[in-house]
Amino acid sequence: MSESEQAFSADAASDPLRRGMWPQKWRWRFSLALALLLALAFAIGWLSRERIATDVIDDLLRDNGLSGTYEIVSVDPNRQVIANLVIGAPDQPDFTAKRMVVNIDYGLRAPEIEGITLVGARAYGVWRDGRLSFGSLDPLIYTDSKEPPSLPSIDLTVRDGRALVETEWGDIGLAFEGRGRVDDGFKGTIAATAPGFGTAGCRSRVATAYGRLETNGGVPSFDGPLRLRNLACSGASLARADIAADLALTRDFSGASGDLALAARQLAHGEIAAERLQSDARF
């Protein structure tokens, strides 16, 4: 072995870094520095969790063309809870919710919303000239997209949901609860009541509906009874009518189909009277 080779071997034997080893003190310092960096990163993430939650919720509102106010209740890594959500004018809002829980998946990219739970939601709408409007919520209903309308693929839970829709035939009050993926697998119940519903020449004392609302493969369906009480139309009267309805919309909401079974009592028009009337229809 040459003198230079002997010198290199001696240096390698005396230098632990060249032997692939760190001195004990360097290993300890590196572990401490790594622990401090991890602790710092955790602290920054914990302190900024409210800002992250705010950004996610603000993005949700902005992406849907909405503006609103809310209060942050709690912030967890994958769950944000807000209260007193108000969308629209504060003195006359279009939508409110006592509580809203947003489940977030952070993944490898930007945070994405996996599901939403609404508690005590209230919506206020108007039906005029064949168009339903919920004010500032309309961007969720009417979009500029050329794609046919469809239900969103998001998990939704609604508890104690209510809505009031003003129409030219009278006000309609709605109560709604349910859970599941909106476009496929949602199951809920819906109830509607409309006192004095109708026109000046044809009006019922009260009209109600109650039934199951479900979605399957993007198709929403309703199954339940529709009821009319004390209907009066152009000299004709009907004490009560119960209609068993099984209805479904098409996937793009361009059409509907269903089965109806009518059971009516005490029909009268002039000298014509009927104690009972039954009929079935399919459309």
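How many disulfides does the count come to by the distance rule? The count comes to one disulfide, where a disulfide is a pair of cysteine sulfur atoms within 2.5 Å.

## Basis

This is a predicted model: local features need pLDDT of at least 70, side-chain atom pairs count only at pLDDT 80 or more, and totals for chains, interfaces and linings use all residues. Residues are numbered from 1 along each chain as its sequence is written, and side-chain values use heavy atoms, without hydrogens and water.

## The disulfide

Cys202 is joined to Cys233, S to S 1.6 Å. The link is right-handed, with 45 degrees about the S-S bond. Cys202 lies in strand E10 (residues 202-216) and Cys233 in strand E11 (residues 219-233), so the pair ties together parts 31 residues apart in sequence. Strands (E, at least two residues) and helices (H or I, at least four) are DSSP runs, numbered from the N terminus.

Cys202 is partly exposed, at 29% relative accessibility. Buried means under 20% relative accessible area, exposed over 50%, partly exposed in between (1.4 Å probe, protein chains only).

## Thr215

Strand E10 also holds Thr215. Thr215 counts as buried, at 11% relative accessibility. A polar atom of its side chain lies 3.0 Å from the backbone oxygen of Val182. Beyond four places in sequence, its contacts (heavy atoms within 4.5 Å) include Leu151, Asp183, Phe186 and Pro220.

## Nonpolar core

The largest nonpolar core has 21 residues. Such a core is a set of buried Ala, Val, Leu, Ile, Met, Phe, Trp, Tyr and Cys residues joined through side-chain atoms within 4.5 Å. Leu85, Ile87, Phe95, Met100 and Leu118 touch the most other members. E3 gives the largest share, five residues.

How values were computed. A polar contact is a pair of N or O atoms within 3.5 Å; within protein, one must be able to donate a hydrogen and the other to accept it, and residues adjacent in sequence count only if both atoms are side-chain atoms.
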